[in-house]
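Open the model in your viewer and keep the selection tool handy. We will walk through a few stops together.

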Amino acid sequence: MASLSSDRLSGDRRRRALMGLAGLVLFIGLWKAAQYFEWMRPGTVPDPFALPAAFLSEVRTDRLLPAIGSSMIHYVWGLGLGSLAGVSVGFLAATSRSFDDLHGWIARVLRPIPPLAWVIFAIAWFKVSHAGAAFVISIGVFWVNYFATASAIRNLDPRLDELARAFGHGSFWRRHRTVTLPGAAPGIFSGLRTGVGQAWMTLIAAELLGVPGMGQEMNAAAGVGAYDAVVVYMLAISLVYSLSDLVFGLVEGRVLQWRPS
């Protein structure tokens, strides 16, 4: 019985792998057809089979790796600051009625403003710099974590709070440290993981305005019609994001290993 179940699982994995490979081949085939038959404006769809040469060209001319390194500077700072601020403010909003009442209208006014609208002030305050890009990124990440944290805490069973008080965890910080935060941790980590991707989307848009990094290189390549190089940077962004998401997933699994599978 166990052997039959194992064979079925192995067969399902092979089927999913083959379907994924077929989908990738189909995607590349459609891409090639769009380039060959000029379904889009001529010259704007790069040949997918020319991408390896374009990748080697970006590496050999010493543009790709420095661009990745430059992007990572403001990415890490923006992600870290935005996540910390979002979790902290979201925690206070969900656990303190006074704080929630005090900042509620401020949040309603600021939340609809997209992060890129702050680029004007980022340039005015920080010039075109890593600090300005990190500032814009942190705003986008902040709101993701703010709402994820506040929602996770507010959706906890209120009886947990009563139980904590009954067992002597009556003080504000002790009660929330031992009951609220562990209980809301899955929701909080979900917000943090979403922020990992949100930071990349905001980062590239911010870099298009001149901050050194992959977005700037994409803009420069597009300016001279090197659309194959643009795709190289797009794929590099996808790869770096996938790696960062994988690392975060491992950390999340380690921290939340107590959850039932």
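This is a predicted model, and a search of the whole structure finds six salt bridges. Let's visit some of them.

Start by selecting Lys32 and Asp47, whose side chains form a salt bridge at 3.1 Å, N to O. Lys32 sits in helix α1 and Asp47 in the loop between α1 and α2, so you are looking at a link between distant parts of the chain, 15 residues apart. Lys32 is partly exposed at 25% relative accessible area, and Asp47 is partly exposed too, at 23%.

Next, pick Glu58 and Arg63, which meet in a salt bridge of 2.9 Å, N to O. Here Glu58 is buried, with a relative accessible area of 6%, while Arg63 is partly exposed at 32%.

Now select Arg193 and Asp245, a salt bridge of 3.0 Å, N to O. Because Arg193 lies in helix α8 (172-207) and Asp245 in helix α10 (227-255), the pair ties together parts 52 residues apart in sequence.

Time to look at the surface. Select Leu26, Leu30, Tyr36, Phe37, Trp39 and Met40, which make a nonpolar patch of about 760 Å². Trp39 lies in the loop between α1 (2-36) and α2 (51-60) and is exposed, at 53% relative accessible area.

Finally, go inside. The largest cavity has a volume of about 80 Å³. Of its 12 lining residues, Val119, Ala122, Ile123, Ala206 and Val211 are the closest to the centre. The lining comprises nine nonpolar, two polar and one charged residues.

Methods. Residues numbered from 1 in each chain as written. Predicted model: local features only at pLDDT ≥ 70, side-chain atom pairs only at ≥ 80, totals over all residues. Heavy atoms only, no water. Patch = residues over 30% accessible without salt bridge, like charges linked within 9 Å, V, L, I, M, F, W, Y side chains within 5 Å. Areas by Shrake-Rupley, 256 points an atom, 1.4 Å probe, with all protein chains shown as cover. Salt bridge = Lys/Arg side-chain N within 4 Å of Asp/Glu carboxyl O. Helix = DSSP H or I, 4+ residues; strand = E, 2+ residues; numbered from the N terminus. Buried < 20%, exposed > 50% of the residue type's maximum accessible area, 1.4 Å probe, protein only. 1 Å grid on protein atoms, 1.4 Å probe; cavity = no way out; pocket = protein on both sides within 12 Å on 5 of 7 lines; lining within 4 Å. Points joined across faces, edges and corners; volume = space filled by probe spheres on them. Nonpolar A, V, L, I, M, F, W, Y, C, P; charged D, E, K, R; others polar.
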